[in-house]
Structure formats: structure tokens, C-alpha cells
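Here is a short briefing to read alongside the structure. Take a look at the picture first, then work through the points below.

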Amino acid sequence: MRGVLLDNATAVDHLVDVTHELPRGDVRVAAFWLAQLLPWFPPAVHLAVVDPGVGSARGAVVVRAGDHAIVAPDNGLALPAARAIVREDHRIPARDADPDIALGSDSEAPVEVFAYEYSSPASNTFHGRDVFAPAAAAVHEVGVGAIETLEEVQAPEAYVDVRFAAPEIDDAGLTARILAIDDFGNAITNVPGGRLPDREKIRVGGETVPLVTFYGQTPTGQRLVTVGSHNNAELAVHDGRGDEAFDVSVGDTVRLAW
Amino acid sequence: MRGVLLDNATAVDHLVDVTHELPRGDVRVAAFWLAQLLPWFPPAVHLAVVDPGVGSARGAVVVRAGDHAIVAPDNGLALPAARAIVREDHRIPARDADPDIALGSDSEAPVEVFAYEYSSPASNTFHGRDVFAPAAAAVHEVGVGAIETLEEVQAPEAYVDVRFAAPEIDDAGLTARILAIDDFGNAITNVPGGRLPDREKIRVGGETVPLVTFYGQTPTGQRLVTVGSHNNAELAVHDGRGDEAFDVSVGDTVRLAW
Amino acid sequence: MRGVLLDNATAVDHLVDVTHELPRGDVRVAAFWLAQLLPWFPPAVHLAVVDPGVGSARGAVVVRAGDHAIVAPDNGLALPAARAIVREDHRIPARDADPDIALGSDSEAPVEVFAYEYSSPASNTFHGRDVFAPAAAAVHEVGVGAIETLEEVQAPEAYVDVRFAAPEIDDAGLTARILAIDDFGNAITNVPGGRLPDREKIRVGGETVPLVTFYGQTPTGQRLVTVGSHNNAELAVHDGRGDEAFDVSVGDTVRLAW
């Protein structure tokens, strides 16, 4: 893919590998991470390929978000990142952020989705190389508007989207969901930091653990809840793996109460 | 190695990490992957180091293939990639490719091999840093022709080569060999896609499995044969690992019949 | 972090990923590797983050070493690398190097340490993104001297340092310590190559093994001692893992005798 990009785009300032560590074939988790990562970059053409449907009739999209463009399979991968890019407050710390517009909210952001038509790629198993990299190079060279095989898709039902539901809130706490596990083993929930109580302890399932602002506030090996750099609550262990200690996986439901 | 390159070459446009994921010390598998990867890049100086003979008397080579140069140990690593670069049809899809000139054919490509003389590197265990990176920087700076320590080697027996044998074909099918296992667990054979029959099923060893054009044509977990992005037949599993399901490793022989 | 760098620094020639493979949270091992890696680069702003104290009151530093600057947590991570950069002989092979000034010596190098003040980063768990990357971008843009939030720290006790002790030498040999395990499983000691005897065999613990100049001098699977590309003695296995064969971990003491 890097070779195809450099072979087809002439004025590339930086070719940056954002990550190759996403779980294979998991569009939903990949969409979460892209929404965390891409808003921190200056305007760029982003090439994102997590593509379990490679070779099938699934389409390709170019999503325009401000001065950014994301080229990806039409499987929802690019949409959360595009919405995060155009959300102006995405770099505001948890303590100041409005929890209603955090990840998982229903706010509609003005992103534009274009269908990218392609035919007869060289392979049926590696469209990253044969479809998406040439498309990204073309977008980089001439811009979204100048590509004839791009057609704007207005109807939301005409492309695949990925949404992260907000936590269910009740009088006694909330029901969270695990969105992703990071490389350190921190289990990231869909709970915006602003939804957490102003307390020193919180109940996770049947257990009460410290609610802290950073890992090192607790002894090594201590289970804890904190707000991560994504502004969401995460289940963690100081110098250990939260996913193992709390026995949770992506998609699991977790009860947080106080 | 990146530091040495940047310290010795002044006009580097892009310093691209192609891969650091090759199996350690396996020159043959690395040569296969380089032959898949490098032809997709625009002309460049490629630095390739898989070097189990580091510190011994094995030599260093610069291989010129069109406007590309590959700097590598004299262990055959660079030759298949160089031949792939100069083969004009390497980007043609399997359905259109001539199976006689696919990977494993005997066609001789006009690549030039130069011996690179070096003496007394700073270490005996890391010639990537101490021999090959400085050589690659020099080739980048002044070109192959201007380096005095480069001498063209004409006789094929004067340098080490790596060849991938073609499959043995008979009336009932063919005998394949596993060349590499990719990161997803797909077991890549030496059988050009054009050699496969126009059928919906194929026998692998004693078992009959679907012969498909992409993974998603079968249910999750289904063993299958398809043609990968390298234009060779591969043993795969939809959303699983073909190497485990078919119980094959690099170098194994596999019978394909129909 | 790459996004923040590119978003805040305008004239970046190359954004190079040196490594993401350091053991998590182990400042000492990371400091060893940085001291091996950074001196081979041309002058640059190096951003180094291994940060188990993230979110706590630990400070941030910018360390100036010649024309290089290293931006890092104030946990000692940057200091060995800074001293290695200003040591002029760091690229001299083991056979020619003065063992008295090798890694682990007490020689003081003229590096300058500046405290970098920051307040209220966006997160308490990812200062790589929220503190150190913006600092590195600022240093790259305007230089160390022009940053108002930088203040030179003169007293060695005012910042955290990491030192690697020299081996203890006696009449019968020396007592070494394992500083790091590399990716191949080679166990790297604190013994400068120049301290090894001019012999063909050496005793490691209770066992006598070959003392060789490169791995391939011995049969596959042979335990051995050699001098690695870092100029230190390492415990290795030809085409195998030295750490497993010698049963050693980082921090272990090993007796070398002859």
C-alpha cells in the first residue's frame, strides 16, 4: 500500500503509518480507534483499511470531514472518525467536556460521504493495495471534487455506518459497554468521563474500587477506574492489565454504580 | 539503520519502513515477500537485511533492476525481488497473467549484480547498521555506477541466488509447495492462479474444499482455496487461519487435484 | 503523538519511528536502548516516552546533547542517550574502544538538562500526546533557547538520572549484570567487549562456552558469548535465544570467568 501511494501521488510530504495494530477484521473496534487517532492530525488524506468483506460486492467510500478525507471500505469504518474530526471540542479534557456530545451521542456532524466506484481490481483479496491505495493517491493528487468516479451519497441508509450507543443511566448508576481494549490492557467503556460521580470509589459489578485521575495514585496491581486519554471511563490496573483483572472483553456489559 | 541512512544520505524524500515482520533468519521466505512488495514501489534504493550469516565471510551485493537498486547480503535475498521488478506484468491480475512467467518460472530477467566490498565494520553482529545501511546511503547519494567498491558480477555462480520451483503438474492435478504463511495464516503455494481449474471445488490432500475468488464467498470457518494478491493459490480459512486448518508449514508439499 | 507533532511543527523533514518495541514501563531498559540508538542519528529532536509515572507530579525535561535535543519525562530515560551522543567514540568498534569510557563508566558528559513546565494537559493518562509531543514540536520549531517554559537545571540531584554500573572485576573474572534482552533473545551484559580475555572459551556460571566474534562461528543451537553491536558482551545462542538457554532476565547477575 505504501508503494502504491508513492507510485501514484507525487507531492506527498509525509507518509505516516498511524497503526497496524488494530484487531484483524473487527471494523467496530477499528472505527473506535480511528475516531481517537485521526482528529489529532493536521488535514490529510487518511487511508483506512479493515476489510473483512474484501472481494465481495461491498463498496468503497471517500468521507470528507472538513479539510480531511478518509478513504475506506463502505463498512462504517470511517464514519466515527469523520464525525470526531469535525467536532470542534474533541481535544477538550474530560473535566471540561459536555458529556452529551461525547462519543456515543446522537449528534449529527456535517460529514460528506462519497461512493467510489471501482472495477476489476488486480486481486480479490487485497483491495487495500488494489482499490483503496490508488483511490487515496487520487484524492491526494486532485482532491475529492475532481474525481469523476466519486458521487455524493446523501441518504444515510445508502452507506454503512458504525454508531456507539451511550450508556444507560439510571438512579443508581449506569450500564456501560466495553468498546475496546488498549495495548496496555485498559478496558475502555462508552461512559464519558463527565458522567462519573465526584467520588473516590466506584462499584464495578460487585466490587468497589478506587476512582482515580491517574494510574499511579494506587498501589501496583490495584484494580481501578479512571478517565483515559479518550475522555471515557476505563477499567484498569496500575502496572497491570484491566481486561484480565476485571475479566471483560470487547462488547461486554459492565455495571458501574455509586 | 534509519539513523545511519539519514546521517549519510542528504536528499532522502521518504524513508519508508516496508516491513519488520519477516520471519527471523529465513532468507527464502523473506525473498518471497520482497518479490511481492518491492515491485509496487516507485524507483528507489531498497535496503533489505535478513542476515543469518552476519559476521562470516558472506559478501554484500547491490542488485540493479531497472531504476531500482537493492542492497542486501549476498545470500539470494534480493534476486527474486529484482527479477519481479523488471518483469513488466507483475501487476496483472491472476486471471490475465501467463502462468508460464509467474513466480517459479525459469525466465531470466536482466538484473545486474554488483559485489560490494567492505572491511572492518564496527560490529560483527549488526551489518545492517554497519555495512548495508552505509552502502544503501552511498548508492542513494551517487548511484551504483559511481561507487568504486562496486564490481559487476557476471557469472551466476559467483553470487548466491534463491529460486522458487514451479509446481509439478500431471494428468490428475499438481504437487504444490508452501512458500510462505502470511499474517492472517493464509498458506501461500507456488501454484500460479492460472494453473487452477475452472471448477467450484478442488481436492487438497484427501479433502475437497471450495475453490473461490474471495474469502467471504464461504461461511465463516470454512477451509478454502483461493488466489491471493500475489497471484498464487493459497490455502485459507474464512475468518480463520489456513495454516492451522490445513496443518501446513513453509516448505511442505501439498497435493492439489480435481 | 505523530499527529500532534505534524500539527504543531511546520518544517519537519522526516518523522521517523525509532521504536515502539520497548518493554512497557521499564525506564531503565528503555534508557539502555535509547543510548544505543540515538547516537547513530543526525542531529534531531528526539521524542522519548516511557512513562510509568504519567499523571503524577513527575516533571518533564528537555536534554540538550550537542545539536540533538531529547524531550522526555523526568525519570532518567533521556540521560544515558544524551551522554552517548556527546561521547565522540560511540561508533568505534569494541576491539578499538577504551573499556574505561564504555557504557557504565563514570565519565561525566556535558549535557544540559532543562525542566519543562506544563499545566493542565488534556489527559492524565497520555502525556506522550498531551505534554511531550507538543514540547517536542516547540523545540523543533524554535529551539531550546527560545522556549520560555524551559529552565536549565544545574544540580544533578534536581533531575532523575539512570546509570549503568560497571561490572565488578577481580582476579578470576568479573561479575556482570544483564542490562537488556534484545528481540532475538540475546542477553546483553554491562561488560565492555574490551574487558573480555583473548581466549576461545569463557565460563558463564558453571558452564564453559565458546567466546566468538560472531554467531555463525558455532553450530546451530550452541550457547556462546560474543560482543554485540553495542560493544558489550552478550550471552547468545546461534539461531536461538540466549535468555532462555542461559536462563537469565534483565537485572540478573552473571559470573564470567576464565
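How much area do chain A and chain B bury between them? They bury about 1800 Å², with 56% of it on carbon and sulfur atoms. Buried area here is the accessible area (1.4 Å probe) that two parts lose on being put together, summed over both.

Keep in mind that this is a predicted model, in which local features need pLDDT of at least 70, side-chain atom pairs count only at pLDDT 80 or more, and totals for chains, interfaces and linings use all residues. Residues are numbered from 1 along each chain as its sequence is written, chains are lettered from A and ligands numbered from 1 in the order in which they are written, and side-chain values use heavy atoms, with hydrogens and water left out.

**Where chain A meets chain B**

- Chain A puts 22 residues into the contact and chain B puts in 21 residues, where contact means heavy atoms within 4.5 Å.
- Three residues stand out on the chain A side: A:Arg24, A:Thr125 and A:Arg129 supply 29% of the area that chain A buries against chain B, more than any other three residues.
- There is one salt bridge between chain A and chain B, meaning a side-chain nitrogen of Lys or Arg within 4 Å of a carboxyl oxygen of Asp or Glu.
- A salt bridge joins the side chains of A:Arg24 and B:Asp183, at 2.5 Å from N to O.

**Where chain B meets chain C**

- Here 22 residues of chain B touch 21 residues of chain C.
- The area buried between chain B and chain C is about 1800 Å², and carbon and sulfur atoms give 56% of that.
- One salt bridge turns up across the interface of chain B and chain C.
- B:Arg24 pairs with C:Asp183 in a salt bridge, and their closest N and O atoms are 2.5 Å apart.

**Two helices in chain A**

- Helices (H or I, at least four residues) and strands (E, at least two) are DSSP runs, numbered from the N terminus.
- In chain A, helix α2 (residues 27–37) packs against helix α3 (residues 79–86) at an angle of about 20°, and their axes are 7 Å apart.
- That makes α2(A) and α3(A) roughly parallel, because angles under 35 degrees count as roughly parallel, over 145 as roughly antiparallel, 65 to 115 as roughly perpendicular and the rest as oblique.
- The axes are lines fitted to C-alpha atoms, for helices over the stretch in contact, and angles run from 0 to 180 degrees between N-to-C directions.
- From α2(A), the contact uses A:Ala31, A:Leu34 and A:Ala35, and from α3(A) it uses A:Pro80, A:Ala81 and A:Ala84.
- Sorted by type, the residues of this α2(A)–α3(A) contact are six nonpolar, no polar and no charged.

**Two helices in chain B**

- Helix α2 (residues 27–37) of chain B and helix α3 (residues 79–86) of chain B cross at roughly 20°, and their axes come within 7 Å.
- So α2(B) is roughly parallel to α3(B).
- In α2(B), B:Ala31, B:Leu34 and B:Ala35 meet B:Pro80, B:Ala81 and B:Ala84 of α3(B).

**Two helices in chain C**

- In chain C, helix α2 (residues 27–37) and helix α3 (residues 79–86) pack at about 20°, with axes 7 Å apart.
- α2(C) and α3(C) are therefore roughly parallel to each other.
- C:Ala31, C:Leu34 and C:Ala35 of α2(C) make the contact with C:Pro80, C:Ala81 and C:Ala84 of α3(C).

Notes: Ala, Val, Leu, Ile, Met, Phe, Trp, Tyr, Cys and Pro count as nonpolar, Asp, Glu, Lys and Arg as charged, and the others, Gly among them, as polar.
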